[in-house]
Amino acid sequence: MTSLSIQKKFDLAKKEVEGGDITTGYFIAENNKTYETHYTNSDWEKYCNTMKENYPEAFDRYYNCPGGEMKKYYDDRWRQWMPPKMASYGSSSRFIYESSRQIPSFRFEEGLPIGFPGYGKEAEASLDGFYEPKCIYVEAKCHEFYNALNTEFKNKYEEFYNYLVNATGGVFKFNVNNGIKKPTVKFSWQMTPITQFDLKQVLCHLLGIAKKTLQDAGKHVPTFI
């Protein structure tokens, strides 16, 4: 197992701890490939049916969310079909769903517009969870820390990044790499590269929470976990 990435080792270890068979997995006929870090096709179908029967609102939110957590999808980067994201034992969506599904009034996949005017359709941040009674927003992570990020750079965020550079006196910095396929951006704090933490995603979440709070005229004080 020494040739495997740390993230895949984590996924397989988690699968084994939870009683899964690491010699089996989700089979994609189009690729003729089995993904051992995931549920088998039949186990995933049972998982979905159980969710739909016992937690229909959660099922609806995950099944119809923009991220397509519960559906097989085509990955343009790798040019192949991939198993449902939530079928992975290392899925953060699966992690927060199983941790929070019995909490009354807890909503999964909460969308918040982030409000960048003048750039076409308004982008929307997707929070993993929202506990409305106490206005608590949640972003969950499971296996993501075990893989270095490759964040796509989009021009509409450049003004915001520059604002953060100025507001922190240069403690925060960003660097754009205009690669062959897509431009990417890397961040640093006090000259230390941020590699395992999805800072761009967190910034978007904070923008969404801030806009929602302003729209509510400060009636609720949000907490972001």
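Me: How much space lies in the second largest pocket, and which of its lining residues are closest to its centre?
Reply: In this predicted model, the second largest pocket holds about 180 Å³ of space. Its lining comprises 13 residues. Those closest to the centre of this pocket are Phe130, Cys135, Lys212, Asp216 and His220.

Me: Which element gives the largest share of the lining of the second largest pocket?
Reply: Two elements give two or more residues to this lining, namely strand 5 (106-113) and helix 6 (199-215). The largest share amounts to three residues, and the element that supplies it is strand 5.

Me: How do the lining residues of the second largest pocket divide into nonpolar, polar and charged?
Reply: The lining of this pocket is made up of 13 residues. They divide into six nonpolar, two polar and five charged.

Me: Is Ser88 buried or exposed?
Reply: Ser88 is found in the loop between strand 4 (80-82) and helix 4 (92-100). Its relative accessible area is 4%. The cut-off for a buried residue is under 20%, so Ser88 is buried.

Me: Which backbone atom lies 3.0 Å from a polar atom of the side chain of Ser88?
Reply: Not counting residues up to four places away in sequence, Ser88 touches Asp11, Thr37, His38, Arg94 and His143. The side chain of Ser88 also has a polar atom 3.0 Å from a backbone atom, which is the nitrogen of Gly90.

Me: Which element supplies the largest share of the largest nonpolar core?
Reply: This core has 23 residues, and those with the most contacts inside it are Trp44, Met51, Tyr62, Met70 and Tyr97. Among the elements that each supply at least two of its residues are strand 1 (26-28), helix 3 (56-63) and strand 7 (136-138). The largest share, four residues, comes from helix 2.

Me: Which residues are in contact with Met51, leaving aside its neighbours within four places in sequence?
Reply: Met51 is one of the residues with the most contacts inside the largest nonpolar core. Outside its sequence neighbours, Met51 is in contact with Pro56, Ala58, Phe59, Tyr62, Met70, Met86 and Tyr97.

Me: How many residues does the second, separate core have?
Reply: In soluble globular proteins, nonpolar side chains tend to be buried together. Here a second, separate core includes Ile114, Tyr137, Phe153 and Tyr161, and its size is 22 residues.

Me: What separation is found between the C-alpha atoms of Thr192 and Lys182?
Reply: Thr192 lies in strand 11 and is partly exposed, with a relative accessible area of 49%. Along the chain, Thr192 and Lys182 are 10 residues apart. Their C-alpha atoms are separated by 24 Å.

How values were computed: Residues are numbered from 1 along each chain as its sequence is written. This is a predicted model: local features need pLDDT of at least 70, side-chain atom pairs count only at pLDDT 80 or more; totals for chains, interfaces and linings use all residues. Side-chain values use heavy atoms; hydrogens and water are left out. On a 1 Å grid over the protein atoms alone, a cavity is a set of points where a 1.4 Å probe fits but cannot get out, and a pocket is an open set with protein on both sides within 12 Å along at least five of seven lines; lining residues have an atom within 4 Å of a point. Grid points are joined across faces, edges and corners, and a volume is the space filled by probe spheres set on the points. Ala, Val, Leu, Ile, Met, Phe, Trp, Tyr, Cys and Pro count as nonpolar, Asp, Glu, Lys and Arg as charged, and the others, Gly among them, as polar. Buried means under 20% relative accessible area, exposed over 50%, partly exposed in between (1.4 Å probe, protein chains only). A polar contact is a pair of N or O atoms within 3.5 Å; within protein, one must be able to donate a hydrogen and the other to accept it, and residues adjacent in sequence count only if both atoms are side-chain atoms. Contact means heavy atoms within 4.5 Å. A nonpolar core is a set of buried Ala, Val, Leu, Ile, Met, Phe, Trp, Tyr and Cys residues joined through side-chain atoms within 4.5 Å.
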